Amino acid sequence: MEGQWMQPVPGLPHLQQGFILGADGKAESVNMSTLRYETWHRQGDTLVLTGQSIGNHQTVSFSDTLRIHSLIADSLVLQKRNLRMEFTRKMNQ
């Protein structure tokens with residue numbers, strides 16, 4: 001599951017956002033200034049991302065639990081309640 005996972009920014013399809021999942025359990029957000037991912041782990045069909053949410057002059061710790069709907073070599077689909085998020089793995093260049 002490690003790697004850089006990207007998706008178009010809602011309303012701005014020419015821009016990409018997503019996250020990097022490191023083999024060491026560290027996570028990093030990409031082009032999401034209000035979410036600072038710090039760690040990740042997988043538990044069966046669940047991905048848990050933890051970090052800091054930044055906004056309105058305050059920083060709040062969070063833990064986001066997402067269901068892994070599907071995962072193949074270059075495609076990751078996550079689900080949180082009724083929200084479905086599709087990501088593509090960005091290959092090293």
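Lysine 80 is partly exposed, with 27% relative accessible area; on this scale buried is under 20%, exposed is over 50% and partly exposed sits in between, using a 1.4 Å probe and protein chains only. Before going on, note that this is a predicted model, in which local features need pLDDT of at least 70, side-chain atom pairs count only at pLDDT 80 or more, and totals for chains, interfaces and linings use all residues. Residues are numbered from 1 along each chain as its sequence is written, and side-chain values use heavy atoms, with hydrogens and water left out.

**Salt bridges**

What does lysine 80 pair with? Its side chain meets that of aspartate 64 in a salt bridge, 2.4 Å from N to O. The pair ties together distant parts of the chain, with aspartate 64 in strand β6 and lysine 80 in strand β7, 16 residues apart. (Strands are DSSP runs of E, at least two residues, numbered from the N terminus.) Aspartate 64 counts as buried, at 16% relative accessibility.

The structure holds 2 salt bridges, a term that here means a side-chain nitrogen of Lys or Arg within 4 Å of a carboxyl oxygen of Asp or Glu. Both are in the table.

| Salt bridge | N to O distance |
|---|---|
| Aspartate 64 and lysine 80 | 2.4 Å |
| Arginine 84 and glutamate 86 | 3.4 Å |

In the arginine 84 pair, arginine 84 is partly exposed at 42%, and glutamate 86 is partly exposed at 49%.

**The largest pocket**

Aspartate 64 turns up again here. The largest pocket has about 180 Å³ of space, and of its 14 lining residues, the closest to the centre are Leu35, Tyr37, Asp64, Met85 and Phe87. A pocket is found on a 1 Å grid over the protein atoms alone: it is an open set of points where a 1.4 Å probe fits, with protein on both sides within 12 Å along at least five of seven lines, and lining residues have an atom within 4 Å of a point. The volume is the space filled by probe spheres set on the points.

Which strands build the lining? β2 (12-21), β4 (35-43), β6 (58-72), β7 (75-80) and β8 (83-90) each supply at least two residues, and β8 gives the most, with 3 residues. By class, the lining has 10 nonpolar, 2 polar and 2 charged residues.

**Two buried polar side chains**

Serine 29 sits in strand β3 (residues 27-30) and is buried, at 17% relative accessibility. A polar atom of the serine 29 side chain lies 2.6 Å from the backbone oxygen of leucine 35. Beyond its neighbours within four places in sequence, serine 29 is in contact (heavy atoms within 4.5 Å) with Gly18, Phe19, Leu35, Arg36 and Tyr37.

Glutamine 17, in strand β2, is buried too, at 13%. Setting aside residues up to four places away in sequence, glutamine 17 touches a list of residues that includes Trp5, Pro8, Val30 and Met32.

**Two loop residues with positive phi**

Most residues other than glycine have a negative phi. Asparagine 56, though, has a positive phi, near 50 degrees. Asparagine 56 lies in the loop between β5 (46-55) and β6 and counts as exposed, at 72% relative accessibility. Arginine 81 also has a positive phi, near 55 degrees. Arginine 81 is in the loop between β7 and β8, and at 70% relative accessibility it counts as exposed.

Definitions and conventions:
Helix = DSSP H or I, 4+ residues; strand = E, 2+ residues; numbered from the N terminus. Nonpolar A, V, L, I, M, F, W, Y, C, P; charged D, E, K, R; others polar. Polar contact = N/O pair within 3.5 Å; in protein donor to acceptor, adjacent residues only side chain to side chain.
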